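Work through the exercises below with the sequence and the 3D structure open. Try each task before reading its solution.

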Amino acid sequence: MSKSEMIQTDIGSVLTAEEIAEIDAELAHVPYKSGAAIDALKIVQANRGWVSDQCLQGIARHLDMSAEELEGVATFYNLIYRRPVGEKVILFCDSVSCWINGCDDIKDKISQTLGIDYGETTSDNSYTLLPVPCLGACDRAPVMMVGDDLVTHIDHEMVQQLFASAEQGSAE
Amino acid sequence: MEKVLTRNIGVDQKPTDLKAYEANGGYQGLRKVMAGMSPQDCQAVISDSNLRGRGGAGFPTGMKWSFVPSDDKCTPGHKYLVCNADEMEPGTFKDRLLMECDPHQLIEGMILSAYTIGADISYIFIRGEYLLAIQRLRDALKECYASGLLGDNILGSGYSLNMYLHPSAGRYICGEETALINALEGKRANPRAKPPFPQVSGLWGRPTIVNNVETLCNIPHIIDRGADWFKTLGLGEDAGTKLFGVSGRVKNPGCWELPMGTPIREIIEQHAGGMRDGYQLKGFLPGGGSTDFLTTEHLDLAMDYNVIGAAGSRMGTGTMIILDDRTCPVGMVLNLIRFFAHESCGFCTPCRDGLPWSRQVLQDLEEGRGQPEDLETLSYQIKYIGAIGNTHCALAPGAMEPLQSALKYFYDDFKQHISSGRCPYH
Amino acid sequence: MPTIFIDGQELQVNDGENILEACLNAGLDLPYFCWHPAMGSIGSCRQCALVQYQNEDDTRGRIIMGCMTPVTEGARFSLKAENATEFREAVVESLMLNHPHDCPVCAEGGECHLQDMTVMVGHRDRRYSGKKNTHRNQYLGPLIHHEMNRCITCYRCERYYKDYAGGTDLGAQASHDHLYFGRHEEGVLESEFSGNLVEVCPTGVFTDKPFLKQYSRKWDLQSAPSICNGCAVGCNIAPGERYGKLKRVHNRYNHEVNGYFLCDRGRFGSGYVNSDARLDYAGIKQADGSYMAVHQQQALETAASWMQGKKVAGIGSPRASVEANYLLRELVGAEHFAAGFSEAEAPLMASVRRILQTTQAMIPSIKQIEAADAVLVLGEDITHTAPRVALALRQSVRNKSFELAEQMGLPQWQDAAVRNLAQDQRSPLIIVSAMETRLDDIASQCISLAPDQIAEFAVSIVEALAGEPSSNKQANQIAEILQSAKNPLIISGTSMVHWGIVNAAVAIAESLCTEPSGCMLSLCIPEANSLGVALLADKSSPSLPDLVNSPPEVLLVVENDLQRRLNPQQMEQLMSAGTLVISMDMLENATLGASDMVLPAASYAESQGSLVNMEGRAQRYFPVFEPAAERLPSWQWLLKLAALTNHKSLSKIEHFDQVVAACAKSQAEFTNLVDAAPDQSFRDRGLKIPRQTHRYSGRTAMNAGVNVHEPQQPHDHESPLAFSMEGLNRDQPAALTPYVWSPGWNSNQSLQKFQAEVDGPLKGGTAGVKLLQSSASGATQKASCEAVEMQAHHWQLVPVHQVHGSDELSVNTDEIAEMAGMGFVSLGAAVAHKLGVSEGDGVVLASGGTEVSLEVRILQRVAKNCIGFGLGYAETLYLRAGSLATLAVDAQWQRPQPQLIASDKATPDPIVAEGGSAHV
Ligand SMILES: Cc1cc2nc3c(=O)[nH]c(=O)nc-3n(C[C@H](O)[C@H](O)[C@H](O)COP(=O)(O)O)c2cc1C
Ligand code: SF4
Ligand code: FES
């Protein structure tokens, strides 16, 4: 074990008992601890919205992985957030069927309404806007997910209704 | 026509729970097998049935399974069955329907498949964004464990199987079966080199079968009703039914179960209701974002693997994307290439750096900066990136399919972008 | 041997190899990036494309990757087909999309594999109109510089660092064209083998940081074949010089020893050669304690007059060459020649010598170590005591996976597939040590025992092997593992300074020799020429304490800082006024400071000589450049002294080759020494081997600032190498290969042009010669040693060896000093807890009358009653292995602030790989 890792051990675990219990449940059916890496990242993210450096190190320690190895995994996937996000993430489909059905225009409308572009979060921290590959609801294009909800056949009016109350402007 | 895969799916798209599923003949196939069919018997039926994989490549399922070494031919240990439910191919929305509305059909198919290949552990690798499907599968799995359909000693047969749900962290390449295996191992989802094929060295180095959701949903019916019955379902040379879908500017976009070999015109004009008013059909991708464009001249072709193949495209996932006359083909291809470039795993050079290069040329064209030599560059890139074997996996060649066929069929549109210095559709 | 066809040419190829290897073996120039001979294929770069044809009638064929395609009988390929050449060019063109166009100022320029391949595929004009992706670089410590924009994503760095060298803190991040290779956070790379990244990376992403500070182009470096003197492994190195400075050290391929890789001590630890603390002139101590500088001749004459008619003794050195030690022995006579080992080391080295001469076990080369399928390590943390061997052990544990792969018909070079298949199944590696080791991560078993118990445990294994299962189940089980292995290896050594351990290790190896498998035995010894000097000492040779007890009238010390071997009282006694001490060495040290005369010795880079490594292999190093000022190689000082004192046999000798010949004649063990390298008379097609490249530039200008007249090039009368660019650099004898270069192959990848076949020996053979042969007689040792008696509240001191820190010379390099940190004590978590200290706190350690304050390092695995001390640090110089110590919290301790001596860390800028997670 390296020196830097040993120093980290002294901080104690940053994960909650519930998170650890959930991760351990995943560990029960993988032959190697690192096999639960993605599940663990998702568990922690579900709890906290994103995966901070500290959490990443905590998970890595729990899974006997190096922080680097887990970082390699975390940064590979679209749905693991290594920076803070708003309360709800808008996954806006910009793939082909939605594009044919005018999603660029809808995206502009959302950006205008919320005052944020892709990768940004509203200043009241309620929304983060991200593009997502085809959501598999092309028959109902244009579509997006707002938090856990699939929103289909989006038009300007719906955007207005959904987001009018959110504060304008992007936050750092 | 008889509905097979969607028989439990009503217009309201309500989920089918265990009771309802069983009431409509569900788990009959499984009971039959557990009461006395051997894995070899099942294998024979599936091989006989001519079922071809519905994940996109159309590989014969029976043949794929037959490559799994029998216990006496491999070191002792687990074998795995994995359901590929990562549906992320642009324009594809069929597996979602099957999982949201009839989760037990998939589970029964997986138990039977696992039994056939001798797997004792199975995974459903599902797209992370499919929250509703995840919830319904989770509930269905619980029901199965509670009623002895999964776990130890299934239905008293002595056969045991565990099934786990793995929601993905999101990445198109995870749909590629070996990348999927890496993702299941908790790693970066780079595809693996083949050989060795997963059938002999897959998940955690063990024999593994990866099948698409729709493929697996066919299994209970084939086992229950036989290979001959299944073969009679298709209109042409391919067996069974298939979920076909249409998106784009049609009157009634959607997804329907139809016989294999249904003519394209029927799918677009009858089921999808034809083009929306004021729009003309210009072309279409027959089976998702990584298939070649076909055009009006191909409307009377049957949706059969070989027929579509002979026409220069692929059946792919069977979900079509329609290009209408008011949508820019260059823009459409740019949208697709941007997707593929972003979803490249970054492992091999032609895909990682070649696709962004194509994207750049298309963007120049679309934004009015195109130069005459750009079209040559695109052809060069197609040759460079587009052939299977040039890249490490099939993502990049797939990405080139819409581009190469767009250049073939819509060459004038490309030229016009250059000559007029802007996108004529804007 | 299958036959294949490449562009119609019929080739006989090796079974089981891939087409890329076949092409390279046939001398064809097939570009590649991600493939590496030691790491196999993954097929990621797609550069090694050829066209394969189904049969003779197939004219279209299809593109295949050479590195991923096994040779098969009758297969047909084309390298020249237009679609193949076009494809290869397209690969380079797309790699170049984001590549900076700064070759002329890039640190890799002129030895860049990407540059070579770009020229090879003929790519010239850029068609891409977009903006380049850029990345932030990371601070990776004082040794490695990071320049991510140059990355071509071949994955070699990650595969080398993680898969090959077992590092955990560097790898791939992000994806698509945002791929990034770096650490999770900025910081010092942890691997002891990080320096190989410099040579593994085909571009300039990872470069030699100390070299950047005194940069020269590869073609401007003057190089000579050399041997690392960092430890007893004897890795072959190619140091490069310009302007009288040693600029950098590259690996020099030796098929049987180091292959392609060095440890960081070897690569970065030569900075001392350029140190300000180097001695330039001879000096004679004045009454006031200062030294008066004198010329060589004057010093020699004075020394000769001191020696005339006096009782003269000599102290040799385990870090000086065989030749220097031999001359010293002859000069003073064997009965007055001390090998220069410490009191504890001397008997150990004597028995190692005896063991290596008599054992039936095979003494393996590193290459052979890689082939072991079960390894037992007794008492060594090999990563720190024989680093390159540890790297070999990391490969040996993979033999299990190769076995599995073979069952599936999978070739070894299918690297990712073999790893996926085997997952964590490894060949057994059992480590029995007092403390955790850097190989614990791949060990099948780690057993923590105090040194005495290690010896006892090993004896139980011997008993179990003899069919008398002991009460120790673990020992029985290990015996079984070893017995069922096809190629077992026992590793031990002197690092615990414990004769019982070495002895029992030998006994295990000997018992296994009665099995059909036989057994390999590898003993790690302390210094680069420990074995060489041990071979020169005989029974009549005095030990250092003997000399202390009856000091000679005149004492000649050759390259040995006695402070590291004697305690202060002994040192005082030996160097006392009664004895005239004449010392030759490179760097100021305590011994020079206490001598009456000091003579400036040349470093390894300025002299030639032979070193005998831990396997008994004699290897020759040659001067890279001429010694500056009035420095002389020790062998020359001694030869001149012999002449002035009219020594009976030596005074007839003038040249190095004659010294070698005399040494070879003097004793049977050295008979083969003459074969370590060709002698001075060797000529390649009439010419000496040039140290300078054909493109060596600015030779006439280099000194222009001093004198506009170009000085004459120095002549080298002692070796077959010339200080010149004239001569041939092609297929010369392996021992005379100063650097590798071949037309079109400017990078170190040109090595393949020098290899007889991919990953095989050089066309010029393998450098060096084995001096010792295994014997049939068997090494019988009497197994007895005194156990340490424990006392309450005391701990037993265990030496902790450090790649950076324990070695005498390399720590005089700024970067290595920074890596080494300060003297430390290693405690188990329980002891630390009991004392109430944590990592980085201070404790006062008292042992045998010495009291020192040391920094605490906490370990996961420590044997009961043991604590470790960092060996070789100024603070720990007088602590002795095996003695007892007490510990107390140091109330005055201040946590050491991280001291940046050598590094250039600017701002602590947490790196986020561009596009970190893809969307956010
Ligand atoms: C880039 C790429 C993405 C893929 N994505 C999917 C997918 O989302 N779902 C799927 O079932 N198959 C996908 N496939 C095909 C799978 O690799 C594999 O062929 C399939 O899961 C096999 O199932 P089947 O034999 O039942 O068709 C993809 C292939 C590639 C090359
Ligand atoms: S083609 Fe290459 S880079 Fe692209 S997804 Fe496949 S392996 Fe990854
Ligand atoms: S060397 Fe063959 S693909 Fe990289």
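**Exercise 1. The shell around ligand 1**

How many nonpolar, polar and charged residues does the shell around ligand 1 have?

Solution. The model is a predicted one.

Step 1. Sort the shell by class: five residues are nonpolar, seven are polar and six are charged.

Step 2. Find the members of the shell. Ligand 1 is surrounded by 18 residues, and the closest are Gly55(B), Asn84(B), Asn211(B), Asn212(B) and Thr215(B). Strand E4 of chain B, residues 208-212, supplies three residues, the largest share of this shell.

Step 3. Look at the oxygen atoms of ligand 1. One lies 2.7 Å from a polar side-chain atom of Asn212(B). The backbone takes part too: a polar backbone atom of Arg54(B) is 3.2 Å from an oxygen atom of the ligand, and a backbone N or O atom of Glu87(B) is 3.4 Å from an oxygen atom of ligand 1.

Step 4. Turn to the surface. Ligand 1 taken alone exposes 610 Å², and the protein buries 90% of that.

**Exercise 2. The shell around ligand 2**

Which residues are the closest to ligand 2, and how many residues surround this ligand?

Solution. 

Step 1. Count the shell: 13 residues surround ligand 2.

Step 2. Name the closest ones, which are Cys345(B), Phe347(B), Cys348(B), Cys351(B) and Cys393(B).

Step 3. Sort the shell by class. Nine of its residues are nonpolar and four are polar, while none is charged.

**Exercise 3. A histidine in chain B**

Is His298(B) buried or exposed?

Solution. 

Step 1. Locate the residue. His298(B) sits in the loop of chain B that runs between strand E7 (281-285) and helix H12 (305-310).

Step 2. Apply the cut-off. The relative accessible area of His298(B) is 8%, so the residue is buried, as buried means under 20%.

Step 3. List its partners. Apart from neighbours within four places in sequence, His298(B) is in contact with Ile264(B), Phe284(B), Ala311(B) and Tyr409(B).

**Exercise 4. Backbone angles**

What is the phi of Tyr27(B), and what is the phi of Arg46(C)?

Solution. 

Step 1. Recall the background: most residues other than glycine have a negative phi, and most peptide bonds are trans.

Step 2. Read the first angle. Tyr27(B) is not a glycine, yet its phi is positive, about 60°. This tyrosine lies in the loop between helix H1 (18-23) and helix H2 (28-34) of chain B. Tyr27(B) is buried, with a relative accessible area of 0%.

Step 3. Read the second angle. Arg46(C) has a positive phi near 65°. Its place is the loop between helix H1 (19-25) and strand E3 (49-53) of chain C. At 6% relative accessibility, Arg46(C) is buried.

Step 4. Check the peptide bonds. The bond between Lys194(B) and Pro195(B) is cis, with omega about -5°. The bond between Pro195(B) and Pro196(B) is cis, with omega about 0°. Pro195(B) is in the loop between helix H8 (177-184) and E4 of chain B.

**Exercise 5. Confidence**

What is the average pLDDT of chain C?

Solution. 

Step 1. Chain C averages 93, and 96% of its residues score at least 70.

Step 2. Over residues 905-920 of chain C the pLDDT is below 50.

Step 3. For the complex, the predictor gives an ipTM of 0.95 and a pTM of 0.96.

Key: Residues are numbered from 1 along each chain as its sequence is written. Chains are lettered from A and ligands numbered from 1 in the order in which they are written. This is a predicted model: local features need pLDDT of at least 70, side-chain atom pairs count only at pLDDT 80 or more; totals for chains, interfaces and linings use all residues. Side-chain values use heavy atoms; hydrogens and water are left out. Helices (H or I, at least four residues) and strands (E, at least two) are DSSP runs, numbered from the N terminus. Buried means under 20% relative accessible area, exposed over 50%, partly exposed in between (1.4 Å probe, protein chains only). Contact means heavy atoms within 4.5 Å. A residue is near a molecule or strand if one of its heavy atoms lies within 4 Å of it. Ala, Val, Leu, Ile, Met, Phe, Trp, Tyr, Cys and Pro count as nonpolar, Asp, Glu, Lys and Arg as charged, and the others, Gly among them, as polar. A polar contact is a pair of N or O atoms within 3.5 Å; within protein, one must be able to donate a hydrogen and the other to accept it, and residues adjacent in sequence count only if both atoms are side-chain atoms. Accessible areas come from the Shrake-Rupley method with a 1.4 Å probe; for residues, only the protein chains shown count as cover. pLDDT is the predictor's confidence in each residue, from 0 to 100.
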